[in-house]
Amino acid sequence: MTLVLDSKDLATIDKELKADSQVWDVLQQGAKSITAADFVGANEVRINKMSGFAKEAYQRNADNATRQISIAKETLKLKHEDWFSYSLDALDESESSALTIQNIVTEHRRLITIPDRDKLAIDVLLNANGAKVVTDTVDKTNALDAYDEAEAYALDNEVGGGFIMFASSGYYAALKNASGVNRSFTTNEQQLNGINRTVAQLDGSVPIIRVSKDRLNGLADTDQGVNFILVPLTAVAPVVKYGTVDTISASLDPAGYRDRVKGLDYYDAFVFENVAKSIYVSKSTPAA
């Protein structure tokens with residue numbers, strides 16, 4: 001009688017290449033005035049905007065003018081969702097060490113959820129109404145000048161600190177090879193949203209996060225030509241509502257023996273209208 005040896009699956013997965021979060025998780029450490037709790041039972045909330053403030057000189061022995069403060073509403077709505085539902089046959093699970101609910105959820109988050117949220121966050125920054133967008137050809141001869149112009153813009157517009165720069169690979173390379181000026185350009189460990197990340201820093205102050213070209217295009221299918229985005233962390237509020245993952249046991253499957261896992265997130269990233277001008281976007285000149 002011939003002995004047949006069956007093959008055995010390793011728990012190891014030959015994973016597709018995909019980076020960790022390069023934008024969303026970083027921004028989560030910033031604007032925390034809006035949270036998932038504000039959207040409980042709804043996918044839309046309103047915030048108040050006050051206007052009508054003015055500087056007046058006091059008039060002695062005379063009637064002084066009184067101004068009225070106006071209140072307007074700004075609506076914030078969660079417009080994006082991440083839904084998944086997968087089934088796993090119990091017999092397949094018994095034959096494969098890698099086919100587990102935990103692995104499926106982890107891989108979905110890594111391959112779908114994280115890149116999509118990064119793209120959305122970039123899209124919100126690129127399309128914020130009032131953001132400063134500068135178009136120019138940037139290379140190693142003027143990469144530092146481009147940074148200085150962004151820094152000067154923030155100063156002149158009284159933009160608060162705590163900046164982060166999301167940079168393309170091309171701009172980052174130009175910055176490293178910039179000539180003619182001796183600057184402090186280091187790589188340090190920084191804690192961003194509770195995670196220690198190795199980041200580049202220019203002048204020891206602004207962390208530079210390199211973002212893959214696909215994510216730096218936002219939700220667009222075409223190259224947006226982004227060199228970098230300089231933004232204060234407090235200007236953008238990423239929000240996730242629900243963030244749930246549920247499982248249904250194979251023993252409850254009426255038509256077989258399949259475990260089922262499902263999850264749903266509603267999410268969006270918001271920029272307050274009054275602070276949109278704090279976002280500085282540098283784009284390359286389109287090719288002729």
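I keep in mind throughout that the model is a predicted one.

I then searched for the partner of D118 and found a salt bridge with R215, in which the closest N and O atoms are 2.7 Å apart. Because D118 lies in helix 3 and R215 in helix 6 (residues 213-216), this pair ties together parts that are 97 residues apart in sequence. I checked R215 as well, and at 3% relative accessibility it also counts as buried, the cut-off being under 20%.

Next I turned to helix 3 itself, which runs over residues 101-126, has 26 residues, and reaches 36 Å from its first C-alpha to its last, close to the expected 38 Å. I located a bend of about 40° in helix 3 at R109.

D82 belongs to strand 3 (residues 80-89) and R109 to helix 3, so the pair ties together parts 27 residues apart in sequence. I found both D82 and R109 buried.

I also recorded a salt bridge between D265 and R109, whose closest N and O atoms are 2.7 Å apart. This pair links distant parts of the chain, with D265 in strand 11 (residues 258-271) and R109 in helix 3, 156 residues apart. D265, like R109, is buried.

Finally, I noted that D82, R109, R117 and D265 are linked in a network of salt bridges, and that the count of salt bridges comes to 11.

Note on methods. Residues numbered from 1 in each chain as written. Predicted model: local features only at pLDDT ≥ 70, side-chain atom pairs only at ≥ 80, totals over all residues. Heavy atoms only, no water. Helix = DSSP H or I, 4+ residues; strand = E, 2+ residues; numbered from the N terminus. Expected span 1.5 Å × (residues − 1). Bend = angle between axes of the 7 residues up to and from the residue. Salt bridge = Lys/Arg side-chain N within 4 Å of Asp/Glu carboxyl O. Buried < 20%, exposed > 50% of the residue type's maximum accessible area, 1.4 Å probe, protein only.
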